[in-house]
Amino acid sequence: MTSRDPQKKLKIAVVGGGLVGSLQACYMAKRGHHVELYELRDDIRLMEHVPGRSINLAMSIRGRSGLKEVGLEDEIIKNHGLPMESRMIHRVDGSTYQIPYGKKGQCIYSVGRRFVNEVLLNAAEKLPNVHFNFAHKMVDSDLDKGTMTFKNLNNGEIVETNADLILGTDGAYSAVRKQFMKRARFNYSQEYIPCYYLELCIPPTASGNFAMNPKCLHIWPRGSFMMIALPNQDASWTVTLFMPHEMFEQLTTPEKLIAFFQTHYADSLPLIGKERLVKDYFATKPSGLISVKCYPHQAGKALLMGDAAHAMVPFYGQGMNAGFEDCLVFNEFLNQYGDHNLEKVLPAYTEYRHVDAHAICDLALYNFIEMRDLVNRFSFLVRKRFDTVMHWLFPNWWVPLYTSVTFSRMRYHLCIENKKWQDRVVTKLLWSTGTAVVATAVVALYNFRSYLQKLF
C-alpha cells in the first residue's frame, strides 16, 4: 500500500477541516508527514457567521486526552472551558434540584464549537508541513489508488491529486463515505430521530453576569421534549429546544410561542425575554438530528473518522469526544505497527474501533430518554444515589455508566456491558430483598396468629 522506507514521509490528505479533521492534521504533521487539508467551506476564522450546527460542546476526558497528546488541552480547557459539575433540573413549577455528574471535583467543560475549531486550525497552520485548501469540494476518488478530484468553489477549477492515506473527517454527510458506498460489502445505516432542535439564547444580566448557576448544565425535562442550556464565556447561555417536529409546526405565531413557554418553561421566559424569544425562534428553522453507523471504516487507502464514521445525536455529549479519541486511538495503532505499515494499521484500527463507535451511537440515543424523561422519576434518582454510594465504597469495582463514559477511557462497548452487569446485580438484590421482606412478613403474621390462638 505504501513504501516501507522509514525515512519516506507520507502524503496525507485530510478531507474535512472541522474539529476532528483539524486535530488529525496536527497528529499526522507532528509525526513528520506532509498534510494537505481540504475543506468544503471557506476559512471559518474569516467568517462573521459559521454555517451549520452550533450546539455547544461538552468536553470530557476522552476529548481532553486527544488534545493533550498534541499539547492543546490547556489552551482550550484552562483558557476557555467553563466547568459544569451537575445537571440542574428545572421542574414545570420553577423549582430546581441538582444531580452531580460524578464525585466531587469531577466536571465536564462547556466549550464553543467555533473556538475549538479555530484553535485547532491555528495549531495546524503553525506546522510547516500542513497546507490548507479551503472551498474545495470532493467530487470523486479512487480509494484503492489514493487519487482524488476536487472542485475549487472559488474559481471552478478542477483539482486532481493523490495521497498515501486519505482521512475522511468530513462529517455526518461525508463525501468520502459516499465513495465507500460505491463498494461491495460496505454496511451503512442512518436514522433521523423524531426530535428536531432549535437554538435560542439567554443573554447576560444587566450587570453582565450569568442569569443562572454557571456550574451546571441546565435541563428542562418534559417527557417527550426538553430544553437545555450551556454557559458561554461572555456570560450568555446557548439554549437548545428539542421537540418532535409536529410540536414545532404548531408554534406558528408569537402568541402561541409565548403561551407554550409560559406553560412549559415559565422560569426561562424572563431570562430569555419575550421579544428575544420571538425574534430568535422565528429567525431560523428547526434542524434534524441524525445517527450514522457504518462498517468497515477503512477501504483501500482511506479511513473514516469522527462523524463520517459514527455521527450521533448530541445527548451524551460525546460526538466531539469520540472523534478526538479516534485521533488518539489511531495514533496508538500507528505507534504499534509503524506509519509505513498502513495495510496492518487501517484494518486493525477499524476492527478495534467500530464496535465502540456503534456503542456510543446507541448510548447517545438512550441518554435522550434519560434527559427528557427519566431524570424526573423517583426510581431514577434512587438508582443514581445507589450507584454513587456503591462507587464511593468500591471505586474500582462499581463504576456507574455515566462515569465510565465521561470520566474514563473505558471502551464504549465495555461501558454498556458493565451497565448490564450492574443491572443484573441490582435486580437480584431487589428480588432477594423483596423475598426476604415477604418471608419476614409471613413469619410475623404466622407468629401473630399463633399468639392470638393462645389468647383465645
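What follows is a conversation about the terms applied to some helices and strands.

Author: This is a predicted model, in which local features need pLDDT of at least 70 and side-chain atom pairs count only at pLDDT 80 or more, while totals for chains, interfaces and linings use all residues. Residues are numbered from 1 along each chain as its sequence is written, and side-chain values use heavy atoms, with hydrogens and water left out.

Reader: What makes α2 oblique to α11?

Author: Helix α2 (residues 61-68) and helix α11 (residues 319-337) pack at an angle of about 40°, with their axes 7 Å apart. Angles under 35 degrees count as roughly parallel, over 145 as roughly antiparallel, 65 to 115 as roughly perpendicular and the rest as oblique, and therefore α2 is called oblique to α11. The angle runs from 0 to 180 degrees between N-to-C directions, and the axes are lines fitted to C-alpha atoms over the stretch in contact.

Reader: Why is α1 called roughly parallel to α11?

Author: Helix α1 (residues 19-30) and α11 pack at an angle of about 25°, their axes being 9 Å apart, and that angle makes α1 roughly parallel to α11.

Reader: By class, which residues make up the contact of α1 with α11?

Author: Contact means heavy atoms within 4.5 Å, and the residues that meet this include Leu23 and Tyr27 of α1 and Phe324 and Leu328 of α11. By class, the contact of α1 with α11 has eleven nonpolar, three polar and no charged residues, where Ala, Val, Leu, Ile, Met, Phe, Trp, Tyr, Cys and Pro count as nonpolar, Asp, Glu, Lys and Arg as charged, and the others, Gly among them, as polar.

Reader: How do you know that β1 and β12 are paired, and in which sense do they run?

Author: Two strands pair if DSSP finds at least two bridges between them, and four bridges join strand β1 (residues 11-15) to β12, which run parallel. Val15 stands opposite Gly168 in β12. On β12 and strand β19 (residues 302-304), three bridges give a pairing in the parallel sense, and Gly168 stands opposite Leu304 in β19.

Reader: Are the residues of β12 buried or exposed?

Author: Leu165 and Leu167 point one way from strand β12 (residues 165-168), Ile166 and Gly168 point the other way, and all are buried; buried means under 20% relative accessible area, exposed over 50%, and partly exposed in between, with a 1.4 Å probe and protein chains only.

Methods
Helix = DSSP H or I, 4+ residues; strand = E, 2+ residues; numbered from the N terminus.
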